[in-house]
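Let's take a walk through this protein, one piece at a time. Have a look at the sequence and the structure, then read on.

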Amino acid sequence: MKIHEYQARELLSRAGIPVPPARMVDSAERAEQAFRENGAALQVVKAQVFAGGRGKAGFVKLVSSAAEARTAAQHMLGNRMISIQTGPEGIPVRKLLVAAAVDIAKEYYVSITLDRNRGTPVVIASAEGGVEIEEVAKKNPAALIKEPLHPLLALPPFAGRKVASRLGFRGKQAGIVARLLVNLAQFYMANDCSLAEINPLVATKSGEILAIDAKVQFDDNALFRHPDIAALKDDTETDPLEV
């Protein structure tokens, strides 16, 4: 089961992962209001759809005023998003995320997914974040860091520190990233996830570590154990035949 980015950000925040505040809206008027309530000079409006390639499709926009937020929202809600993952027919956009923009110094990729060859969940990380991980794997496979999870301990702190160090973090930042990875692994295991992805994880120019985009998917067969997560399902984003 897939959930939207705004839902994933909320769940990860509860799991102890630093996520900047954001507001979900479903109209241009509410996007304008959200910009004012967020209070930041520069913000981002992002379409909430179950497909990648939003930025290249023009469905992620930086805005610097409430009027610009309204215009961006009108465009996204009034047009179908067409990207490499949607096909030429595109998909409708019903919800948007409005969030304060972040002053990014460097982007990283972090995820946990099932490695079917090893038969265990594995952390996949790269210092080349902000782009599709398939492109990184194809062009520079050596840039991918992999660390298997323990079936009972998830990701022990020493393993989190090892991944953080290999990503190039040092000092206080290494400790923050190691804790983030440990928390992400515990979240993955506790909620029967099939994917928990942060792309990008960013280091800001002021030294903060933030998850500014997230994708989370859950094992359908385990949803009976998680009624709170099952309640997040959005069938409007699912093929009617599959529903």
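Helix α2 passes helix α4 in a right-handed crossing. Keep in mind that you're looking at a predicted model. α2 covers residues 28–38 and α4 covers residues 66–78, and their axes come within 8 Å, crossing at roughly 145 degrees. Which residues meet there? From α2 you'll find Ala-28, Glu-29, Ala-31, Glu-32, Phe-35 and Arg-36, and from α4 they meet Ala-66, Ala-69, Arg-70, Ala-73, Gln-74 and Leu-77. Sort the residues of this contact by class and you get seven nonpolar, four charged and one polar.

Now follow the chain past α4. In the loop between α4 and β4 sits Thr-86. Is Thr-86 buried or exposed? Its relative accessibility is 9%, which is under the 20% cut-off, so Thr-86 counts as buried. A polar atom of its side chain lies 2.9 Å from the backbone nitrogen of Ser-83. Leaving aside neighbours within four places in sequence, Thr-86 touches Ala-51, Met-81 and Ile-91.

Next up is strand β2, residues 43–47. Five of its five residues are buried, so the strand is largely enclosed by the rest of the structure. In a regular strand, side chains alternate between the two faces of the sheet. Here, Gln-43, Val-45 and Ala-47 point one way from β2, while Val-44 and Lys-46 point the other way.

What does β2 pair with? One partner is β3 (residues 60–63), antiparallel over four bridges, and there Val-45 stands opposite Lys-61. β2 also runs antiparallel to β4, joined by five bridges, with Leu-97 in β4 as the bridge partner of Lys-46.

Methods. Residues numbered from 1 in each chain as written. Predicted model: local features only at pLDDT ≥ 70, side-chain atom pairs only at ≥ 80, totals over all residues. Heavy atoms only, no water. Axes fitted to C-alpha atoms, helices over the stretch in contact; angles between N-to-C directions. Helix = DSSP H or I, 4+ residues; strand = E, 2+ residues; numbered from the N terminus. Left-handed = near helix turned anticlockwise from the far one by under 90°. Contact = heavy atoms within 4.5 Å. Nonpolar A, V, L, I, M, F, W, Y, C, P; charged D, E, K, R; others polar. Buried < 20%, exposed > 50% of the residue type's maximum accessible area, 1.4 Å probe, protein only. Polar contact = N/O pair within 3.5 Å; in protein donor to acceptor, adjacent residues only side chain to side chain. Pairing = 2+ DSSP bridges.
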